[in-house]
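Have the sequence and the 3D view open side by side as you read. We will go from single residues to helix faces and end with a pocket.

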Amino acid sequence: RVEAAKNPNASLDLLKELADDDGVFLAVASNLNTPKTLLEDLARLKLERSPELRIVLATNPNTPVSILEKLKRNKNPVVRDRLAGNPATPKYLLEQFANSSRNQTRKALASNPKIPEHMMHLLAKSTSSSIRAALAANPQTLPVVLKSLSRDRDPLVRIKVSQNPQAPFSILEENLSKLLAAKKADAITLS
């Protein structure tokens with residue numbers, strides 16, 4: 001029954017039937033093809049007594065904004081992390097995560113393909129290299145932000161920039177030149 005609930009081709013009638021099953025409703029809520037109306041019904045009936053459902057709904061990009069707004073008030077940090085990473089979370093809710101004291105929340109925000117431009121600039125200055133690396137890996141990160149991150153002191157951040165499809169060719173050339181110069185310096189030191 002769980003596999004049927006996760007099936008992207010499951011019919012609405014089947015999903016409705018499975019949503020009533022206490023052992024399967026989470027799979028229904030996680031199905032990216034579950035209609036918003038059914039997600040609203042699940043939230044209305046089970047949200048208060050199911051911490052797992054809060055996490056699943058915070059993750060699903062089809063979750064209606066009204067439910068995302070309720071979840072924003074939830075104190076569970078995992079729910080907040082998932083909201084920050086959900087591309088359907090409205091910008092006005094994302095704003096509240098940019099200054100979170102929790103690195104996982106800001107890392108999820110940095111990975112969000114719908115992150116607003118000004119938040120990219122803010123997170124690029126984070127003291128956490130994992131947040132900067134997540135931003136560098138985000139394919140929606142602006143080239144100007146990638147240029148800044150390409151000079152990061154952490155090699156993982158620079159690698160993520162080089163792997164980003166939005167990275168301008170000039171950044172790739174610059175990083176390659178630095179790598180070749182470092183390799184040449186290492187070869188001289190060893191001889």
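Valine 78 sits in helix α7, where helices (H or I, at least four residues) and strands (E, at least two) are DSSP runs, numbered from the N terminus. This is a predicted model, in which local features need pLDDT of at least 70 and side-chain atom pairs count only at pLDDT 80 or more, while totals for chains, interfaces and linings use all residues. Residues are numbered from 1 along each chain as its sequence is written, and side-chain values use heavy atoms, with hydrogens and water left out.

With a relative accessible area of 29%, valine 78 is partly exposed; buried means under 20% relative accessible area, exposed over 50%, and partly exposed in between (1.4 Å probe, protein chains only). Valine 78 and threonine 105 are 27 residues apart in sequence, and their C-alpha atoms are 8.2 Å apart in space. At the start of α7, a side-chain oxygen of asparagine 76 comes to within 2.8 Å of the backbone nitrogen of valine 78. Helix α7 covers residues 77-85, and Val79, Asp81, Leu83 and Ala84 are buried there. These buried residues pack against α5, α6, α8 (91-94) and α9 (103-111), a contact being heavy atoms within 4.5 Å.

In helix α2 (residues 12-19), the buried residues are Leu15, Leu18 and Ala19. Seen down the axis of α2, they fall within an arc of 105°, so they line one face of the helix; the arc is that of the directions from the helix axis to the C-beta atoms. An α-helix has 3.6 residues a turn, so residues three or four places apart point the same way. The partners that the buried residues of α2 pack against are α1 (2-6), α3 (25-30) and α4 (36-46).

Helix α4 has Leu38, Leu39, Leu42, Ala43 and Lys46 as its buried residues. Their arc around the axis is only 140°, which puts them on the same side of α4. Thr37 and Arg44 are exposed residues on the face turned away from that buried side. The cover over the buried residues of α4 includes α2, α3, α5 and α6.

Neighbours within four places in sequence aside, glutamate 40 is in contact with Pro64, Ser66 and Ile67. From glutamate 40 to glutamate 95 there are 55 residues in sequence and 24 Å in space, C-alpha to C-alpha.

Glutamate 3 is placed in helix α1. Its relative accessibility is 59%, so glutamate 3 counts as exposed. Glutamate 3 and alanine 110 lie 107 residues apart in sequence and 32 Å apart in space, C-alpha to C-alpha.

## Buried residues in loops

Look next at the loop between α5 (51-59) and α6 (65-72), which holds threonine 63. Threonine 63 counts as buried, at 1% relative accessibility. Not counting residues up to four places away in sequence, threonine 63 touches Leu39, Leu57 and Leu68. The threonine 63 side chain reaches two backbone oxygens: that of leucine 57 at 2.7 Å and that of asparagine 60 at 3.1 Å. Threonine 63 is 51 residues from lysine 114 in sequence and 16 Å from it in space, C-alpha to C-alpha.

Serine 128 is in the loop between α10 (117-124) and α11 (129-137). Its relative accessible area of 9% makes serine 128 buried. The side chains of serine 128 and serine 130 make a polar contact at 3.0 Å. A polar contact is a pair of N or O atoms within 3.5 Å; within protein, one must be able to donate a hydrogen and the other to accept it, and residues adjacent in sequence count only if both atoms are side-chain atoms.

## The largest pocket

Which residues line the largest pocket? They are Pro155, Arg158, Ile159, Ser162, Leu172, Asn175, Leu176, Lys178, Leu179 and Ala182. The elements giving two or more residues to this lining are α13 (155-163) and α14 (169-190), and α14 has the largest share, with six residues. On a 1 Å grid over the protein atoms alone, a pocket is an open set of points where a 1.4 Å probe fits, with protein on both sides within 12 Å along at least five of seven lines; lining residues have an atom within 4 Å of a point.

The space in the largest pocket is about 260 Å³, a volume being the space filled by probe spheres set on the points, with grid points joined across faces, edges and corners. By type, the lining has six nonpolar, two polar and two charged residues. Here Ala, Val, Leu, Ile, Met, Phe, Trp, Tyr, Cys and Pro count as nonpolar, Asp, Glu, Lys and Arg as charged, and the others, Gly among them, as polar.
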